[in-house]
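Visitor: I would like to go through this structure with you, one topic at a time. Could we begin with the side chains and then move on?

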Amino acid sequence: MLLENKVAVVTGGSRGIGYATVEAFLKEGAKVVLCASRQETADKAVSKLKEVYADAVVEGIYPNLSDYAAVKEAFDGIVKKYGKIDILVNNAGVSESTPFTDYTEETFEKVMDLNIKGVFNCSRAVSEHMTAAGSGVILNTSSMVGTYGQPAGIAYPTSKFAVNGFTLSLARELGPKGIRVNAVAPGITYTDMMRNVPKEVIDPMIAQIPLRRMGQPEDIANAFVFLASDMASYISGDILHVDGLARC
């Protein structure tokens, strides 16, 4: 198994790409702590996972990711319990599509607080433990819009552009300490949000993808498994596009 005996933390791990990543990590032998926005959500995800993976080591927590003190306390607790954190997946994020002329500071700050500040706080908290261990992997969820933008909802692509810059810079800074930092940039992926999009909207999107299908959460999770594993031991500072070549 690619992640046997590894301890991983996955933020936004209760649904969608995050949940699929937790599941993929468990299959590969990792112990996983998933972070959700509420305890109820975390407990529900853990219960569902244990129905399938009865012997798996998985638990859920719900720290406020925009509060560094809360994140540090949570991560310190994980290290105290499991002895280490080998892998961090910064997947928690929020998207929206407000037209620019309707934007408020509150709307912009809500996206940036989770999508950027949350990534910073989690990476900062885990880096202390990884530096002490002399090894570790930090993985961030970017997006195809972090390269190409999107027609509305300016905060989301802005945050993903920032995630890319954060990834590249942190990889340079933490590389000498034995810590690899990469990002996965999903394309159009069939998550809960996409399930509510009408077929007449989805079909033209799929027609622009050479593989003629949307990505599945498992497609993105598999990329995270690869980058978290020793198979990617000489890959750092990379933004891996998993989009069926949907970039346009």
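Visitor: Let us start with Tyr19. Which residue has its charged end over that ring?
Guide: That residue is Lys48, whose charged end lies 5.0 Å from the centre of the Tyr19 ring. Please keep in mind that this is a predicted model.

Visitor: Understood. How many aromatic pairs are there?
Guide: The count is two aromatic pairs. In one of them, Phe100 and Tyr103 are tilted, with 6.4 Å centre to centre and 40° between the planes.

Visitor: And which residue pairs with Tyr103 in an edge-to-face arrangement?
Guide: Phe108 does, with 6.4 Å between the ring centres and an angle of 65° between the planes. The angle is over 60 degrees, so the pair counts as edge-to-face. Phe100, Tyr103 and Phe108 together form one aromatic cluster.

Visitor: Which residues make the contact?
Guide: H3 contributes Tyr68, Val71, Lys72, Phe75, Asp76 and Val79. From H4 come Asn121, Cys122, Arg124, Ala125, Val126, Glu128 and His129.

Visitor: How many of them are nonpolar, polar and charged?
Guide: Seven are nonpolar, two are polar and four are charged.

Visitor: What follows H4? Where is Gly134, for instance?
Guide: Gly134 is in the loop between H4 and strand S5, which spans 136–141. Gly134 is partly exposed, with a relative accessible area of 39%.

Visitor: What does Gly134 touch, apart from its neighbours in sequence?
Guide: Beyond four places in sequence, Gly134 is in contact with Lys177 and Gly178. Val119 is 15 residues from Gly134 in sequence, and their C-alpha atoms are 21 Å apart.

Visitor: Where does Ile179 sit?
Guide: Ile179 is in strand S6, residues 179–186. Ile179 is buried, at 1% relative accessibility.

Visitor: Which residues surround it in contact terms?
Guide: Leaving out residues up to four places away in sequence, Ile179 touches Ser127, Met130, Thr131, Ser135, Gly136, Ile138, Leu174 and Ser236. The C-alpha atoms of Ile179 and Ser135 are separated by 5.0 Å, although the two residues are 44 apart along the chain.

Visitor: On to Val225. Is it buried or exposed?
Guide: Val225 is buried, with a relative accessible area of 7%, and its place is in helix H9, residues 217–228.

Visitor: What are its contacts from elsewhere in the sequence?
Guide: Not counting residues up to four places away, Val225 touches Leu2, Leu3, Ala24, Phe25 and Glu28. Val126 lies 99 residues from Val225 in sequence and 19 Å from it in space, C-alpha to C-alpha.

Visitor: Finally, the backbone. What is phi of Arg212?
Guide: Phi of Arg212 is near 60°, a positive value in a residue that is not a glycine. Most residues other than glycine have a negative phi. Arg212 is in the loop between helix H8, 199–207, and H9, and Arg212 is exposed at 53% relative accessible area.

Visitor: And what about Asn5?
Guide: Asn5, also not a glycine, has a positive phi of about 70°. Asn5 is in the segment before strand S1, 7–11, and counts as partly exposed at 48% relative accessibility.

Key: Residues numbered from 1 in each chain as written. Predicted model: local features only at pLDDT ≥ 70, side-chain atom pairs only at ≥ 80, totals over all residues. Heavy atoms only, no water. Phe/Tyr/Trp six-rings, centres within 6.5 Å; stacked < 30°, edge-to-face > 60°. Lys NZ or Arg CZ within 6 Å of the ring centre and 35° of its normal. Contact = heavy atoms within 4.5 Å. Helix = DSSP H or I, 4+ residues; strand = E, 2+ residues; numbered from the N terminus. Nonpolar A, V, L, I, M, F, W, Y, C, P; charged D, E, K, R; others polar. Buried < 20%, exposed > 50% of the residue type's maximum accessible area, 1.4 Å probe, protein only.
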